[in-house]
Amino acid sequence: MKGFITIEGCDGVGKTYQTNWLRQYCEENGYNNVIFTREPGGSDIAEQIRKIILDAKNEKMTDMCEAFLYAASRIQHLEDIVKPALEQGKTVFCDRFVHSSYVYQGLGRGLGLEKIVALNKLAVGEYMPEYTVFLDLSPEDAFKRKGGADKTDRMENTDLQFHKKVYQGYKYLVEQDPSKFIVIDASGSCEETHEKIISALKEKGIL
Ligand code: TYD
């Protein structure tokens, strides 16, 4: 069991909930050589950057500043947490990574996919995930289930049109490189989605 696995999806899809459940599953089933972490943040300096990015008071932040801050948080977290764990032969599950920037900043904000891919290549170099688990649920359904967006979160608070672009962006990335994605239909119950994730990870030999 080894590798770098990222978990992606639109806001409100239940990604954090599912990731916590997966962590609990690993603990209860003796998968010890594994760590769970998240972006933006995940380490001391990166968490400080996260606060600046998500603070609803920072409404004047430019899109490009936002893109650079995500990339800055990413490289710090990669050096602090992800690289050391991978070097020790651990499996790393990371809640969001470069694909979030591709779709939120590149496509959602409209900065352009190529530009954001290049920026992130500069930040992470060769450290790309072996697989990306994509929790597939439209933002309309995700927010309905969640009971609306979190008003204190600058990103989540953006209009639905933005979140639709993000969702279409994920679908586009999956289409471009299907072998790298594990697509999970997240429209069912939490239990169903959890079961789907576990069986897909087993099928790929990750668990
Ligand atoms: P996250 O904490 O994962 O939110 P949630 O648990 O609700 O999914 O991410 C915070 C927000 O940051 C989320 O709206 C997605 C956004 N984001 C980007 O826009 N670009 C990025 O590169 C990353 C990592 C996150």
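Predicted model: local features only at pLDDT ≥ 70, side-chain atom pairs only at ≥ 80, totals over all residues.
Reader: How do I read the pairing of β4 and β5, and over how many bridges does it run?

Author: Two strands pair if DSSP finds at least two bridges between them. Strands (E, at least two residues) and helices (H or I, at least four) are DSSP runs numbered from the N terminus. Here β4, residues 131-136, pairs with β5 in the parallel sense over five bridges.

Reader: In what order do the five strands of the open sheet come?

Author: The order is β2-β3-β1-β4-β5, with parallel pairing. At the edges are β2 (34-38) and β5 (181-185), each pairing on one side only. On average, neighbouring strands are turned by 20° against each other, direction ignored; axes are lines fitted to C-alpha atoms, for helices over the stretch in contact, and angles run from 0 to 180 degrees between N-to-C directions.

Reader: And β2: how many of its residues are buried?

Author: Buried means under 20% relative accessible area, exposed over 50%, and partly exposed in between (1.4 Å probe, protein chains only). Four of the five residues of β2 are buried. β2 pairs with β3 in the parallel sense over five bridges, and there Phe36 has Phe93 of β3 as its bridge partner. Helix α3 (residues 63-87) lies across β1 (3-9), β2 and β3 (91-95), running at about 165° to β2.

Reader: How do I read the crossing of α3 and α4?

Author: Angles under 35 degrees count as roughly parallel, over 145 as roughly antiparallel, 65 to 115 as roughly perpendicular and the rest as oblique. The axes of α3 and α4 come within 11 Å and cross at roughly 175°, which means that α3 is roughly antiparallel to α4. Contact (heavy atoms within 4.5 Å) is made by Glu66, Ala67, Tyr70 and Arg74 of α3 with Val98, Ser101 and Gln105 of α4.

Reader: Why is α4 largely enclosed by the rest of the structure?

Author: Because ten of its eleven residues are buried. Elements covering these buried residues include β1, α3, α5 (113-124), β4, α7 (160-176) and β5.

Reader: Which residues of the largest nonpolar core touch the most other members?

Author: A nonpolar core is a set of buried Ala, Val, Leu, Ile, Met, Phe, Trp, Tyr and Cys residues joined through side-chain atoms within 4.5 Å. Among the 36 residues of this core, they are Tyr104, Val166 and Tyr170. Helix α3 gives the most, with seven residues. Beyond its neighbours within four places in sequence, Tyr170 contacts residues including Arg96, His99, Tyr104 and Phe134.

Reader: What is the phi of Arg96?

Author: Most residues other than glycine have a negative phi, and most peptide bonds are trans. Arg96 has a positive phi near 75° and sits in the loop between β3 and α4 (98-108). Its relative accessible area is 12%, so Arg96 is buried. Another backbone feature is the cis peptide bond from Glu39 to Pro40, with omega near -15°; Pro40 is in the loop between β2 and α2 (44-54).

Key: Residues numbered from 1 in each chain as written. Heavy atoms only, no water.
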